[in-house]
Amino acid sequence: MRKYEVMYIIRPDVEQEAVQATVEKFQGIIQNGGEITKHDVMGKRRLAYEINKVRDGIYVLVNFTATPEVVAELERILKISDEVIRYLITKDVA
């Protein structure tokens with residue numbers, strides 16, 4: 001199992017309950033074959049540049065350990081999720 005870090009940005013027009021449901025959905029995918037070491041919902045922040053005519057987003061940062069198969073499934077779900085504007089998964093070297 002390797003260490004990973006994922007940051008994703010949720011659209012700002014999503015209701016608070018839907019934000020919580022989205023976060024729990026991604027946590028469930030990670031916990032299916034891995035372990036979350038740190039989870040932080042950073043809240044609503046201004047984007048550095050406009051993405052699809054959206055200026056703000058709700059940032060979520062998750063550090064976890066998992067197998068590459070779990071990461072591939074997480075990336076597949078992040079790609080097709082309508083609530084997520086952008087995401088980035090990186091290997092944690094530390």
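Modeller: A search of the whole structure finds two aromatic pairs. The model is predicted, and local features need pLDDT of at least 70, while side-chain atom pairs count only at pLDDT 80 or more. Residues are numbered from 1 along each chain, and side-chain values use heavy atoms, without hydrogens and water.

Biologist: How is an aromatic pair described?

Modeller: A pair of aromatic rings is described by the distance of the centres and the angle of the planes. Rings of Phe, Tyr and Trp (its six-membered ring) pair if their centres lie within 6.5 Å; planes under 30 degrees apart count as stacked, over 60 as edge-to-face and the rest as tilted. Here, Tyr-4 and Phe-64 are stacked, at 5.7 Å centre to centre with 25° between the planes. Tyr-4 belongs to strand E1 (residues 2-10) and Phe-64 to strand E3 (residues 54-66), 60 residues apart; strands (E, at least two residues) and helices (H or I, at least four) are DSSP runs, numbered from the N terminus.

Biologist: Are Tyr-8 and Phe-26 stacked or edge-to-face?

Modeller: Tyr-8 and Phe-26 are edge-to-face, with 5.0 Å between centres and 70° between planes. This pair joins strand E1 to helix H1 (residues 16-31).

Biologist: Which residues of H1 are buried?

Modeller: Buried means under 20% relative accessible area, exposed over 50% and partly exposed in between (1.4 Å probe, protein chains only). In H1, the buried residues are Val-19, Thr-22, Val-23, Phe-26, Ile-29 and Ile-30. These residues lie on the same side of H1 because they cover an arc of only 120° around the axis, taken from the directions from the helix axis to the C-beta atoms. On the other side of H1, Glu-17 and Gln-31 are exposed.
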